[in-house]
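Let's take a walk through this model together. Have the sequence and the coordinates open as you read.

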Amino acid sequence: MGRLGKVDPSSYSQPELITTEHSAINWQVDFTNTKLRGSVLHKFNVLSNELDKILLDVRDIEVKNATLLAGGTEVPINYFISDPVADIGQKLTLELPAGTAKGSLSVRIDYETANNASALQWLSPAQTLGKQHPYMFSQCQSIHARSVIPCQDTPAVKFSYDAVVEHPSELTALMSAIIDKQEAGKTHFKQTVPVPAYLVAIAIGKLVSRPLGENSNVWAEEGIVDACAQEFSETSTMLKTASDLCGPYVWKQYDLLVMPPSFPYGGMENPCLTFVTPTLLAGDKSLADVVAHEIAHSWTGNLVTNKNFEHFWLNEGFTVFVESKIMGRLEGDKELDFRMLSNLIELQECLRSQLSDTPELTKLVVDLSNCGPDDAFSQVPYYKGSTFLRYLEDLFGGPSVFEPFLRDYLKKYAYKSIETNDFKEAIYDYFKDSAQKDKLSVVDWDLWLKGEGMPPIIPKFDETLANVIKDLSNLWSTQTVEQLANNPELKKPISVHQQIAFLGKLIESKDIVELNAQKIDLLESTYNLKQSKNAELRFRINRLIIRARLIDRLNDIIDFANSNYRMKFCRPIYRDLAAWPEAKPKAVENFLKVKDEMMAMCSSQVEKDLGLKSA
Ligand SMILES: CC/C=C\C/C=C\C[C@@H](O)/C=C/C=C/C=C\[C@@H](O)CCCC(=O)O
Ligand SMILES: [Zn+2]
């Protein structure tokens with residue numbers, strides 16, 4: 001596939017020559033044909049006098065017309081769409097008249113999306129909780145915005161947008177924007193803060209809301225909305241904590257939308273309206289830290305944005321770092337360090353089970369010249385990135401020195417798209433005259449940014465909470481069921497997060513003595529896992545059941561894999577099943593049965609995980 005653009009290997013658009021300033025979207029939502037029909041009017045800023053064409057990204061979009069709007073006139077323009085490139089999509093070329101000058105230029109494109117647009121999922125009434133009304137939602141990160149809008153689908157370009165959406169009048173339409181006006185069957189939106197295309201988002205369904213705080217509501221289908229309000233009741237406190245740490249919250253509104261179970265991620269930081277998976281509904285608020293993560297993105301990612309997805313760690317590493325600080329403020333420093341250490345267990349697992357054949361993807365800054373961003377996605381930018389920041393924080397003297405730097409960095413690059421070198425420049429600039437200046441020469445940037453594998457240096461964390469689970473996993477790895485049954489250690493209560501980390505550590509243990517049905521039974525009864533609504537716990541116990549090769553439990557495992565299509569859960573489960581010859585045929589059969597219920601970005605990854613398609 002090769003590098004598509006100078007600025008972004010995954011986009012045809014040329015932000016060095018032209019940028020989008022504002023986009024006005026008009027959509028009619030057609031649930032019968034599962035299509036969006038309408039237009040987008042892009043107001044561009046032309047940066048070059050030589051520009052003879054505009055290149056945009058599209059994917060399976062049918063363009064009906066392209067029109068240049070100039071001085072009150074509308075002039076049709078020629079356009080061409082290239083052949084598709086796998087994982088990337090197509091190039092839309094819009095020809096410009098000779099002599100097009102620098103400055104403002106507007107183009108309207110009339111189009112419709114394919115009925116299988118990769119960013120969209122259309123659910124029939126039967127696939128919803130309420131069973132009465134259809135539902136549609138989007139997921140544009142990383143490069144799926146191009147399947148719903150012909151656009152500069154690169155995070156190097158940020159634009160404000162407004163939208164008018166026509167939809168069935170009994171449904172509610174929400175976007176990653178502020179609702180400007182609601183008429184019967186027509187909703188008007190405005191996003192005045194410039195955003196990259198991947199943050200354009202829409203959801204339409206039979207939705208209701210409950211307040212979470214000032215300018216903050218949770219939206220969901222009626223049947224779960226009260227449980228959602230309960231689960232996410234700490235949202236306002238998290239928001240306040242985040243803005244104490246990062247600076248003013250500029251997005252005016254912070255709403256949550258609890259998605260149908262096929263939503264492929266834990267959360268998506270769509271501005272004004274975070275999308276979250278219903279797998280966070282554990283009943284005890286224990287998984288609400290994902291909301292802290294999405295709130296943190298309001299600064300790290302949404303205000304300061306990676307210029308392309310090679311620098312995705314700038315979005316995610318910073319966000320995990322801030323999320324951990326928010327949780328640390330709420331639950332204490334020991335908890336903060338415990339979470340950072342637990343993340344490293346997850347990272348280790350990811351390197352072993354997902355990235356062992358692609359070590360180049362374990363680098364903090366990756367090369368996406370020949371790899372679609374979705375294929376490169378892993379825990380590495382999250383946990384290697386946040387570990388790097390913690391290393392730097394410790395090196396420069398701890399939070400009292402580093403948090404003011406963090407605020408300065410966020411202010412310096414707010415509303416901009418940046419690469420790793422910009423971060424490096426900010427840190428050199430900030431510390432240049434300070435007592436910490438000499439520390440800069442200690443940092444081995446190449447080792448951290450270009451080195452493969454686990455972080456080269458593991459910071460000194462408080463291990464109080466982690467040691468408990470380390471000891472516990474040693475115990476469960478080395479003792480027989482009989483020994484364990486009489487061991488008083490099993491009676492000691494541990495927190496939900498310790499349980500999650502403990503199971504994760506056990507999955508990573510090289511040897512587990514007597515990993516059989518009895519041991520799994522004992523694990524389940526000791527920690528009440530059979531009754532647990534906690535998806536993180538259920539995920540991990542299912543992986544242990546697979547490791548124990550308990551074929552009698554295969555139906556339970558498949559049930560879990562079918563209960564939600566969050567990729568964090570279903571991909572490792574399918575990968576594990578693919579490596580278990582006795583279970584693989586049933587896993588494949590199940591996948592083929594349910595794959596149309598998944599979003600395309602999920603089914604195409606699971607296909608690779610099952611070895612049905614080459615990776
Ligand atoms: C080095 C990685 C390079 C490129 C990856 C860029 C984008 C990846 C793309 O697949 C989109 C990711 C969207 C993520 C959204 C939310 C996550 O934070 C959720 C994390 C997993 C989960 O909790 O379910
Ligand atoms: Zn994130």
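Where is histidine 297 found? In this predicted model, histidine 297 sits in the loop between α3 (289-296) and β21 (304-306). Setting aside neighbours within four places in sequence, its contacts are Glu269, Asn302 and Thr319.

Why pick that residue? An unreviewed UniProt entry lists His293, His297 and Glu316 under "binding site". These residues span 24 residues in sequence, yet no two of their C-alpha atoms are more than 9.1 Å apart, so they gather at one spot. Glutamate 316 belongs to helix α4 (residues 312-331) and is buried too, with 24 other C-beta atoms within 10 Å. Beyond its neighbours within four places in sequence, glutamate 316 touches Pro381, Tyr382 and Gly385.

Now over to ligand 1. It is surrounded by 16 residues, and Ser142, Gly266, Ala376, Phe377 and Lys568 are the closest. Helix α6 gives the most to this shell, with three residues, while β19 (267-268) and α6 (373-376) each supply at least two. By type, the shell splits into nine nonpolar, four polar and three charged residues.

Zooming out, the domain assignment gives domain 1 (1-114 + 143-201), domain 2 (308-450) and domain 3 (464-609). The C-alpha centres of domains 2 and 3 are 29 Å apart, and eleven residues of domain 2 are in contact with 13 of domain 3. On the domain 2 side, helix α5 (residues 333-353) brings the largest share, ten residues. That side divides into three nonpolar, three polar and five charged residues.

Terms used:
Residues are numbered from 1 along each chain as its sequence is written. Chains are lettered from A and ligands numbered from 1 in the order in which they are written. This is a predicted model: local features need pLDDT of at least 70, side-chain atom pairs count only at pLDDT 80 or more; totals for chains, interfaces and linings use all residues. A residue is near a molecule or strand if its C-beta atom, placed from the backbone, lies within 6 Å of it. Helices (H or I, at least four residues) and strands (E, at least two) are DSSP runs, numbered from the N terminus. Ala, Val, Leu, Ile, Met, Phe, Trp, Tyr, Cys and Pro count as nonpolar, Asp, Glu, Lys and Arg as charged, and the others, Gly among them, as polar. Domain bounds come from an automatic or database domain assignment. Two residues are in contact if their C-beta atoms, placed from the backbone, lie within 7 Å. UniProt positions are given in the numbering used here, feature names are shortened, and annotations may be inferred rather than shown by experiment. A residue is buried if 20 or more other C-beta atoms lie within 10 Å of its own, exposed if 12 or fewer, and partly exposed in between; C-beta atoms are placed from the backbone.
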